[in-house]
Each structure stands twice: as structure tokens, then as C-alpha cells.
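Please look through the sequence and the 3D structure shown below, and keep both at hand while you read. The briefing that follows goes through a few individual residues, grouped by topic.

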Amino acid sequence: MNFSIKDIPFFLLSFFIPLICFHFTSSHSLMFDDAAEFALVIKLGSIAHPPGTPSYILFGFLWTKLTSLFSLNIIDSLTLFSSLCISFSSLLLYMTFKTISLKLPVKEDFKSKLICCICAIGFATASTTWSWANTVEVYSFQVLALSITLFGLINYHFNRNNISIIVAAAGISLGLSNHHLTMVLFLPFVPLFFLNNVFIYSDKSDKKKKIKNENNSFLKQLFSIFKMQKFWLLTGLTLLMTFGFYCWMFLRAQHEYLFMFGQPKTLKEFIYHISGATYLENITSGSEQIVNLRIPYFLKLTTLQLFIFIPFFIAGIVIILKKKLFPLFTIIILYFLFIFFYQLNNNQWGSTDAYLLLPFMVLYFGAFYGAIYFSNNIKIQFILPILLIFQIYYNFAPNNRKSYPVSDSLMKLLDISAPKNSIIIISDWTLIIQYYFYRITENFRPDLIVLNNDIKFEHYRMLPLLYPDFYNQIKFEYDSFINELMKEHPHQVIGTGCDLTTLTLEKKYKLLVNKIEEVAKSKNVYFLTDPKAHYSFSTANIYSSSRYISGCFSSSMPGESIANEYFLKLDFEFLKSPLLLTDPAALDKIVDFQTMLDRYMDFYKANNVIDKVQETQNAQNNIFKIQRQMKKNMPFGFISK
């Protein structure tokens, strides 16, 4: 690794420029989708949704224990952790680009170092990267895993030393024990790094430029890799470290937690969990209409990600082809296409862009080659810094999460909407998981009993653990329902899903919900349901559709006027943020608000409250306007799934 004291300023720039950008755009609030789940699982050291992401959970767990010594709360701690992951990735990218540049026919000077540095920062501060660098999620950690992998593989390619093999194995194992799909799809390209001359070319004339190549065919070279001891050393170390991370998850699964997304405590359950479990079964393939709408969306994401580097990327790909660096071209383009086409057909709304982060990083190798090749012909040392500053300025507002305090707004709305000791059934994932996070970590509204619409939530033991007194009141009906569900769908009692596929299951579920409402009546407390739960209960005749309203909930008793007035104003800061309009994870919440406003309209019309009818209409118009704006950016999200 040929680095000198002259590299130190570029080390610092490639690390601290992204970190500073992320710091000034970070929020103290949790976002939509899985942010609250990961924060809660890390806090408890429990089990995350399939495949379990044990490497991220372990390092997040250790990190939060360390930062707690400095009184840093868990949200800020894990947000900083995400930012550090991307910032370290930027540093490693600089070091990787620098390693390659030393072998290319360019002068090693300030200009070449600057190009390496700006290409690295360019990826870190690009649109999609930035959007996942200042929130609690697994994807920034996965970016770090690939940057470690590339750093190790490329250093091994040039230096053939064991330490590089160990580094590469560590990176691959971190990725395989985190968001493993994106790393699994990278594995077919790993053998190419063991070939000769994957990254270097010469500018000398044909007569002088002969680089020593074996007179073997490409296919023979490729097969010869599987005879190399170093390749099998990489494979063995990767398997060993990956096995270690999953063993840690298996050991944690032997315990019960107040929240656990499954509990893979047997070998069969463990294999089922890491393979995707019921979570994978609930991911449906997109229709042809959705796929067609997602193509321009993903192309737009790619364009925004490369942004100022598009000319250099195009030039770089041309140079790579012209110089016959076909293995490098294969790594850059095919890896991107693998995940691009996978995501086209995958109905995952909240994190649909995050899957592309790793191939986006690899695309920046094309941009690096384009910039470095033309460095002798244009004043690139002046052009690139100006373009980078423009990119940072352009991406700052669309990624400023300070304007997007999702959990603050939603928890305040829930707090105002729920009278003391209410029993609430919620179908919206973001709302319920954020409540569980704040309830368990900060003792937020411990008077409430908050249940998922399938009652058991992500593990049937959570209800008895978190609400023991309430469980005793519904024990017979709850256990009866769980036992029947276990017969029909054994995996669903310890994971996501609740398919009422038999008349017996439907009957026991209805008896359970009716018992919960009976308990609420006997205690004279509110029985509340969110819009989705109310719709499913009323259409299935589980309870009467003639109910009151209480803030963001349908209610068994008249709600307080202050709660209804608060909801109707829709004065939530996150609704005014530009981030909302490009956030696929927010789609369901906006539909939730629209559905609740329909309930308000029906309620006020039935009671002939004319002024409130008009106020509700104004709120509906506001939501419809937001939906129209979101549809422009994410048209696929408004097609039936």
C-alpha cells in the first residue's frame, strides 16, 4: 500500500467532507420504514427481520454501548454510525482509486490525488448515498462492507499479499451477514480480481506496449483461479467469519425480548430465517405495469447518483472498452444490471433505491477512469472541485432530514389521539414500530396497550411479555387463536404474517378481537383502530363501521375535540419537507391520512357539522396535492400492488 505523508490531507478531505455534510443534515428523529425496528433491535440486542443482519446488529450494539458513555442517545448514536460508515467508505474509495492510479500511465502528483479524492467524495455525497447516510438503516453498513471488499481485492490484485486477502474476506463476510443479497450478487465477480491486468492499461504505441500476459485463453485463466491457494484462503476466511456472525445471532435467539422479529432458536428455524422466512414470501413480483413505471424511476436515480460525473463515467466506459479491460467492464456494468433488473421486479417500496447503492459505488470506477484519463488534457484540478461543490449544494436540501422529523410528528399525533389507558390496534408498520421503540426505550405512554392488527405482532410471546396483565384478561382467546395459527402456519406465530385461510382461524381471530373490545368496555377505556385496521374490521363484520373519531384513530367512544382539531390541521413538519415527495416509505402513511380523512368526512356529514365538513375537505385537498406531487416522482407507488 503505497501511501505517503502527502496523502494525509486527502485522507482527511475524503472522510470529513462527507461526514460534515451528513452531520448538518441529520435529524434526531426516526424515519419511515425499518429505522425504528433496527434502533430497537440494537438497543435490546435481539433479532431483526429476515435475514437478521447480525453483523450490523452486533457492531451497532457495540457502538451504542460505547457512545452511551458519552450520553449520546440511541437515535443520534446510530445515525452517526451510518454517517461514519459512508465516510469511511469514502476514505477507502480514495485509497482504492489511489492504488489503481499508481499503476496507470499518469503522473503521481497533486492532480491525480485530487481526482481520486473527488471521485470518492462524489460517490459519498451523491443523491442516493446521502439519503441513506444520515438515517438508521443497514444500507450504509453494507456500503462499508463493499468498500472494504474492493479495497482488499484490488490491493491483493496488485500486491498479492495475505493481509489483503484477510481484508477482502472481512468485507465480504460483513456483507453476507448483513444485507446478504447485494453481496451474494457481487460474488460471481470476485474471481476476476485474481486475474492479471484487470485494471491497468498503457498509453504507449502498440509496438512498445506489450504487457506480459499468459498465452492462455481468458477461460483457461478463469478456471485456473480455482486452483489458487489464495482464492481458497479467501473463501475459507469468508465462510468462517460469516459463520461467526450468524452464530452470534443464533445465540441471541435463545433468549426472549420485548421485541423480536422472529426467534430462530432451532437449526430449522435459523435456516428459514436467514433465507428470508415469511418476510420473503410477502415480497411479491411487480406487475408489467409497475415494472414499466419503475424503469424510468431507476434510470432517474442512476442519473442523479452520477450527476456531475456522467461525462466522466461515459468517457471512462469508452476508455475501458478501448483499452480492452473487459473484466473491469464486466464488473462495473453487469453487477449494476444484476441488481437493476432484480429491483425492477421487486415490490419493496421503502428501500427500493437502497439496493442500488453497491452497484452505484462500482459505477464510480468508470467515472474515475474517465477523469484520470483526461487529467493531462484538461484543467481537471479546477473543474472537479467546482462540480463537487455544486453537487453538495444541490443535494443538501433534498437530503436535509432536519426538515423531516417523522417519529416526532407521529408520536405527538398518537399521544394526542389516544386518551389515557386506550387499547389500540394499528396496521401501519411505521406507526406501531415507532411506538414500540419509544415505549421500550423511553417508557413513552406506558398506559397504552398497542397491538398490531394480527394481535401477535412479530412474535406471539411479545404480547405476554410486554402486557402481562392484559394478556391474562384475554388469555383463553389469545392462546386459542395462536394454537390454531400454529397448526395452519407455524412460521407465522414467530414471524410476520397472519393468513386467515380457514373458517376456524377466522372465527378464532374474530373472537379474539371481540374479547379485546369487551375488555375495553369493561374498563371504560377507548378501543381505537387506525384506518387500515378499521377498514379490515368493518368490512369483515368484526365490528360495526359506525364508530367515532379520535385524532388519527377510529374510536369506540367520542374523541376529544382537541385531538380531532389537531389532526385536521395536518400541521406536521414532515408533510412540508421536500424529502416526503421522494420517499417511497411515506406512501402508505399518506394513504393512511387520506383514509382517515374519509372517516372524518363521513362522521361530520352524518352529524351535520357543516363547518367541519369544509375543514375536512380542505385537509383532503392538501393530501391530494401531496399525492399528486409524489406520483410525479414515484408513479409505480400508486398502482395496485
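The model is predicted, and the briefing begins with Thr-430, whose place is in helix α20, covering residues 429-442.

**Surroundings of Thr-430**

- Thr-430 counts as buried because its relative accessibility is 6%, and buried means under 20% relative accessible area.
- When the neighbours within four places in sequence are left aside, Thr-430 is in contact with Met-31, Phe-32, Asp-33 and Leu-410.

**A cis peptide bond**

- Pro-50 and Pro-51 are joined by a cis peptide bond, for which omega is about 10 degrees.
- Pro-51 has its place in the loop between α2 (35-44) and α3 (54-68).

- With a relative accessibility of 22%, Asn-197 counts as partly exposed.
- Ile-455 is likewise not a glycine, although it has a positive phi of about 70 degrees, and Ile-455 is found in the loop between β2 (449-452) and α21 (462-466).
- Is Ile-455 buried or exposed? Ile-455 is buried, since its relative accessible area is 2%.

How values were computed
Residues are numbered from 1 along each chain as its sequence is written. This is a predicted model: local features need pLDDT of at least 70, side-chain atom pairs count only at pLDDT 80 or more; totals for chains, interfaces and linings use all residues. Side-chain values use heavy atoms; hydrogens and water are left out. Helices (H or I, at least four residues) and strands (E, at least two) are DSSP runs, numbered from the N terminus. Buried means under 20% relative accessible area, exposed over 50%, partly exposed in between (1.4 Å probe, protein chains only). Contact means heavy atoms within 4.5 Å.
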